Amino acid sequence: MTVNTSLVNTVDLVLARKKIRREKRRLFFSTLGQNKAAVVGGIIILFYISLTFLAPILAPYDPYAINLQDKLQFPSWTHWMGTDDKGRDILSRILYGSRLSLGVGFSSVFFGAFFGIILGLVAGYYGKWVDTIISRSLDVMLAFPGILLALAIISALGPSLINVTIAVGVFSIPLFARIVRGSTMEIKQLEYIDAIRTLGANDFTIIFRHIFPNILSPIIVQGSLRLATAILSAAGLSFLGLGAQPPSPEWGAMLSSGRDFLFSAPYMAIFPGLMISVLVLGFNLFGDGLRDALDPRMKK
Amino acid sequence: MFLFIIKRLLQIVPVILGVTLVVFLIMQMVPGDSAVILAGEGASKETVEQLRVDLGLNKPMHEQYISYISNVVQGDLGNSLKNNQPVLDEILIRLPITMELAFFSILITVVLGLIAGIISAVRPYSYSDIGVMVVALLGISLPSFWLGILLMYVFSIKLQWLPVAGWDSTAHIILPAITLGAGGAAIVARMTRSSMLEVVGQDYIRTAKAKGLAEHVIIYKHALRNALIPVITVVGLQFGSLLGGTVLVESVFAINGLGRMIVDAIRTRDIPMVQGGVLVASLVFVFVNLLVDTMYRVFNKRIDLN
């Protein structure tokens, strides 16, 4: 009888939890859906993601095919965005380039988030000297202005798109770590963490099963806003010739080669820049909306 | 105040040491033998070995770091691999140009950002507010290097009002400063707006209104003064990305500043030059942050930063 009652209680509890989770999800999507800017941002991001998949179908020409007879053609019905100095179709290159720009953006933010989260969790949970060492190291990383830390890393590793991903990722670590550290410190003081510890859970379980799921909101918001910065930084580094190398259709690199033809073919620089700007705008809009929906305390 | 500055100066010592350590480690991260890279292609075995001994590369890493620090303290940032000239000499020529660019850009960031923010906050949710905020959002999203190219295309190539590139006259400063300051101005505008809206809701502003004070007195004397406090922090933080941004803007407008020097040095693998440039730019940033903290204290005496 006792066993049955406790079983019923457990089932009830599980159902109630599921209901709460469902309700939270509904509330999140309805808040996000009501935010027009976030919806526009979301649509822009989805549009770009679909381009990465549809590039082979949508691209009218081979993005690498050189055709010097057709070089520097103005936008027309045959070449919607014109052709570059080597006669390559700019639209096709931009479509394929979406894979590189989004790829670098997502991978570098994932890289930064992964290490930043671990460092932040460890610093926030253990505190004391562990926190001091990690926090001071993060301060040092933040003492490098803007993309200079990324530049320093590339100077050592050498210019390439993969190294740009690593460099931009490293440059994102302190931002994630700081946010995670703060939230971890807040949560570890709550009673339920004490209760779990009393029940015999080890540090690993407490950190990853009980603290981490509860600090996801600020991480997601930061991740989304960080994607905008990461895409801008990666494009900037490729623009400087330190990232994607020719003939790669990375947008920053395309913009850089377009700069040399500003007098005769300004569209060579205009279209890649426009693609970067709209994508970054999408992430900024979506990130702002996510912040309002997920974490009302962070609302401006 | 004096004690506060001394305390903050002591606090930045470990940060500066950390920065030198990271910059030192750049050299260690270079794949392959540093001496071979420094000696250049085609150098004989003897030259490489001599260089290894000369630069102390045969010593343990901690000894190398200590000698690096003592050299830096004495103003010796090494010699360029390109022309064998002291790195510091080159930096001293380039740094004033970058600082001038940074100064005018931050001026644009603050002036444009504040004006736009105030316009927005005075009539919230009006067309002017929405317009300003849309422009601000675009300002945050546009890559500076693209904005620079667009401005160059319109004002230098099409209208021929301003020079295309270089750094010889006041006219040369305008486009790069706008390019570099625009993103920051957008952030300051957003911050000023939200900060002012928060202040406007406070009781003392309602009291000022009830007293019958003119709107401009309320806005400039009461609201703005208090709203400025968080804005100062944002401007300070912006200085970092602005200093980093000089790398891109100097490349767009062919300005021979510190940023362009670092990029050129990375291309030619002139590692001592990269190390020196990054180190000096970071030190400037650390000291600007100290200045911002001090200003923050001056503006807001209620906050005890100690």
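Which helices of chain B each supply at least two residues of the lining of the largest cavity? We will get there in a few stops.

**Before you start**

You are looking at a predicted model, where local features need pLDDT of at least 70, side-chain atom pairs count only at pLDDT 80 or more, and totals for chains, interfaces and linings use all residues. Residues are numbered from 1 along each chain as its sequence is written, chains are lettered from A and ligands numbered from 1 in the order in which they are written, and side-chain values use heavy atoms, with hydrogens and water left out.

**Stop 1: the largest cavity**

Select α10 (215-252) and α11 (258-267) of chain B: these are the helices asked about above. Helices here are DSSP runs (H or I, at least four residues), numbered from the N terminus. A cavity is a set of points on a 1 Å grid over the protein atoms alone where a 1.4 Å probe fits but cannot get out, and lining residues have an atom within 4 Å of a point. The space inside is about 60 Å³, a volume being the space filled by probe spheres set on the points, which are joined across faces, edges and corners. By class, six lining residues are nonpolar, three are polar and none is charged. In this scheme Ala, Val, Leu, Ile, Met, Phe, Trp, Tyr, Cys and Pro count as nonpolar, Asp, Glu, Lys and Arg as charged, and the others, Gly among them, as polar.

**Stop 2: the second largest cavity**

There are two cavities of 30 Å³ or more. Six of the lining residues are nonpolar, one is polar and one is charged.

**Stop 3: a helix pair within chain A**

Next, pick α3 (residues 90-126) and α6 (residues 161-188) of chain A, whose axes lie 5 Å apart at an angle of about 35°. Axes are lines fitted to C-alpha atoms, for helices over the stretch in contact, and angles run from 0 to 180 degrees between N-to-C directions. The contact of α3(A) with α6(A) involves 22 nonpolar, 10 polar and two charged residues.

**Stop 4: across the chains**

Finish with α11 (residues 267-294) of chain A and α6 (residues 127-141) of chain B, whose axes come within 8 Å and cross at roughly 120°.

Methods
On a 1 Å grid over the protein atoms alone, a cavity is a set of points where a 1.4 Å probe fits but cannot get out, and a pocket is an open set with protein on both sides within 12 Å along at least five of seven lines; lining residues have an atom within 4 Å of a point.
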